[in-house]
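Here's a quick tour for anyone meeting this structure for the first time. Have a look at it below, and then we'll walk through a few spots together.

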Amino acid sequence: MTTTTNQAVIDRERAHYQVHGRYLLSFLERDRTESERWLIRRVLATWDRQLALLPSELIRDRRVLEIGCGNPRVLQYFAALGAAEVIGNDLAPAFVQRGFARPHNYAAGRAVAAIDVPMRYGDATGQALRGLTVDTVTCFQSLHHLDLPGFVAACNGVLAPGGHVAISDPTGDHPLRRLGDAVGRGSGLLSPDEKARPAREVIAAFLDRGFELLVHRSLNPTLEIYFHLTELLAPYAPRLAFWAKALMAPLRPLDDWLEAHVLPRRPHWGWRYFLIFRKTEAVR
Ligand SMILES: C[S@@+](CC[C@H](N)C(=O)[O-])C[C@H]1O[C@@H](n2cnc3c(N)ncnc32)[C@H](O)[C@@H]1O
């Protein structure tokens, strides 16, 4: 594996997450009362859409690596689902440790045991994953922070033929993406270099290398935009920003309908895409 990402980008990314000024999922840490914990689980039942779509056979009895895991809650969830082993990777140890320090964690609408998880800290497209072999790689909301050819090479390096890669990431060609980026950077929620890509670019990069595309879906046309709007309120009215997320659950049936009937024809109207690839014998 070679280092493909510019060192200055890596340093800025790490600094952004280490300092932890504003964090998109900060609402997870507001879990002091039973009703707050109830709302967190309810919001995650919709936010963690990718977990609902991930076939359990890609996790159960598998060695699973999450690249750019941030808060290790999803790895703790995979362990609860019966993964043989879970391994995390991230650039920013302080950010991940903050997640480990939580007495409770949550994923996909449920509480998960706050267990320890082995970590490989460092740039996933550099040396951080050297010598590792896994059955499944997941990367949720992080690929747009990474160099794409370097990410494909990293997946190829850790997977044996037959292994899988599951990705969920923001849709770069959404009509509101430029506006969303401008607002996100202005409010400090986005890191300086992150850049969402159209799903087709990610698909082309994996297919070029010989991976097989098993699943391509477009997700969350309304509720993720609503979530971001509530987060803009957070610095001024944190309580309101938290409780306003209660409306995400009623938006779920609308998003389900749009995902089934509209997004197959207009995939760039989904705020996020979801892909699963399989590494074939032909992968170079
Ligand atoms: C938006 S957060 C997503 C975290 C988590 N997967 C989630 O869904 O909440 C992006 C994460 O990618 C990590 N990251 C950025 N560049 C990276 C790189 N080159 N290698 C590994 N992790 C990286 C950041 O430190 C951060 O934790």
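## A buried arginine and its partner

A polar contact here is a pair of N or O atoms within 3.5 Å, and within protein one of them must be able to donate a hydrogen and the other to accept it. Keep in mind, too, that this is a predicted model.

With that in hand, go to Arg102, which you'll find in the loop between α5 (93–100) and β3 (105–107). Its side chain makes a polar contact with the side chain of Asp31, at 2.7 Å. Is Arg102 buried or exposed? Arg102 has a relative accessible area of 19%, and buried means under 20%, so Arg102 counts as buried.

## Around the ligand

Now for the ligand. It is surrounded by 21 residues, and the closest are Gly68, Asp90, Asp123, Ala124 and Phe140. Sorted by class, that shell holds 10 nonpolar, seven polar and four charged residues.

Which residues place polar atoms by the ligand's nitrogen and oxygen atoms? Asp123 has a polar side-chain atom 2.8 Å from a ligand nitrogen, while Leu91 uses a polar backbone atom, 3.4 Å from a nitrogen of the ligand. Over at a ligand oxygen, a polar side-chain atom of Ser142 sits 3.4 Å away. Taken alone, the ligand would expose 600 Å², and the protein buries 92% of that. Two elements give two or more residues to the shell: α1 (7–19) and β2 (85–90). The biggest giver is α1, with three residues.

## Helix α11

Next, follow α11 through residues 248–261. This helix has 14 residues and reaches 20 Å from its first C-alpha to its last, close to the 20 Å expected. Even so, α11 bends by about 25° at Leu254. Its buried residues are Met248, Ala249, Arg252, Asp255, Leu258 and Glu259.

Most residues other than glycine have a negative phi. Here are two that go the other way.

Asp61 isn't a glycine, yet its phi is positive, at about 65°. You'll spot Asp61 in the loop between α3 (49–53) and β1 (63–67). Asn220 isn't a glycine either, and has a positive phi of about 50°. Its place is in the loop between β8 (212–219) and α9 (223–233).

How do the two sit in the protein, buried or exposed? Asp61 is exposed, with a relative accessible area of 60%, whereas Asn220 is buried, at 0%.

Notes:
Residues numbered from 1 in each chain as written. Predicted model: local features only at pLDDT ≥ 70, side-chain atom pairs only at ≥ 80, totals over all residues. Heavy atoms only, no water. Near = heavy atom within 4 Å. Areas by Shrake-Rupley, 256 points an atom, 1.4 Å probe, with all protein chains shown as cover. Helix = DSSP H or I, 4+ residues; strand = E, 2+ residues; numbered from the N terminus. Nonpolar A, V, L, I, M, F, W, Y, C, P; charged D, E, K, R; others polar. Expected span 1.5 Å × (residues − 1). Bend = angle between axes of the 7 residues up to and from the residue. Buried < 20%, exposed > 50% of the residue type's maximum accessible area, 1.4 Å probe, protein only.
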